[in-house]
Amino acid sequence: MNKKIKTEAVESLFEAILQLENKEECFNFFEDLCTVNELLSLSQRFEVASMLREKKTYIEIAEKTGASTATISRVNRSLNYGTDGYEVIFKKLGK
């Protein structure tokens, strides 16, 4: 994990997230925690990652998600050189 984000506050946040038991609790917590734009940005990145794994082109992804090519490139870099966080989730989701 990146040492810059491994702070006590971040660990506390992640521990709180791990306590959520269902989608409704997630919706309520994240609605309180994030702005609408922050939540939409996070979900957009997740959709971009999913489409990249499906070998969609940057143009297809940008058209469907509205993501910039910079965002798509950043997500692609995480998929290829990151800590496999996306892969863990995709496997758990059966994707």
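# Briefing: a chain of six helices

Setting aside neighbours within four places in sequence, Ser-50 is in contact (heavy atoms within 4.5 Å) with Phe-90 and Lys-95. This is a predicted model, in which local features need pLDDT of at least 70, side-chain atom pairs count only at pLDDT 80 or more, and totals for chains, interfaces and linings use all residues. Residues are numbered from 1 along each chain as its sequence is written, and side-chain values use heavy atoms, with hydrogens and water left out.

**Overall layout**

- The protein chain has six helices and zero strands. Both are DSSP runs numbered from the N terminus: helices are H or I with at least four residues, strands are E with at least two.
- The pattern along the sequence reads α-α-α-α-α-α.
- The C-alpha atoms fill a box of roughly 35 × 30 × 25 Å, taken along the principal axes.
- The chain has 95 residues, and 15% of them are buried. Buried means under 20% relative accessible area, exposed means over 50%, and partly exposed lies in between (1.4 Å probe, protein chains only).
- Take the contacts between residues at least 6 apart in sequence: 38% of them join residues at least 24 apart.

**Ser-50 and Phe-90**

- Ser-50 sits in helix α3. Its relative accessible area is 12%, so Ser-50 counts as buried.
- Phe-90 touches Phe-46, Ala-49, Ser-50, Arg-53, Leu-79 and Lys-95, again leaving aside neighbours within four places in sequence.

**The nonpolar core**

- A nonpolar core is a set of buried Ala, Val, Leu, Ile, Met, Phe, Trp, Tyr and Cys residues joined through side-chain atoms within 4.5 Å.
- The largest one has ten residues: Val-48, Ala-49, Met-51, Leu-52, Ile-61, Ala-67, Ile-72, Val-75, Leu-79 and Phe-90.
- Helices α3 (36–53) and α5 (69–81) are the elements that give two or more residues to this core. Helix α3 gives the most, with four residues.

**Salt bridges**

- The whole structure holds two salt bridges. Each needs a side-chain nitrogen of Lys or Arg within 4 Å of a carboxyl oxygen of Asp or Glu.
- One joins the side chains of Lys-64 and Glu-47, at 2.7 Å from N to O. Lys-64 is in helix α4 (residues 58–65) and Glu-47 is in helix α3, 17 residues apart.
- Lys-64 is exposed at 56% relative accessible area, whereas Glu-47 is partly exposed at 28%.
- Glu-87 and Arg-53 also meet through their side chains in a salt bridge, at 2.9 Å from N to O. Glu-87 lies in helix α6 (residues 85–92) and Arg-53 in helix α3, so this pair ties together parts 34 residues apart in sequence.
- Glu-87 is partly exposed at 22%, and Arg-53 is partly exposed at 30%.

**The largest pocket**

- The largest pocket contains about 1700 Å³ of space. A pocket is an open set of points on a 1 Å grid over the protein atoms alone, where a 1.4 Å probe fits, with protein on both sides within 12 Å along at least five of seven lines. Its volume is the space filled by probe spheres set on the points, which are joined across faces, edges and corners.
- The lining has 35 residues, and those closest to the centre are Phe-14, Phe-30, Leu-42, Phe-46 and Ile-89. Lining residues have an atom within 4 Å of a point.
- Helices α1 (8–18), α2 (23–33), α3, α5 and α6 each supply at least two lining residues.
- By class, the lining has 22 nonpolar, six polar and seven charged residues. Ala, Val, Leu, Ile, Met, Phe, Trp, Tyr, Cys and Pro count as nonpolar, Asp, Glu, Lys and Arg as charged, and the others, Gly among them, as polar.
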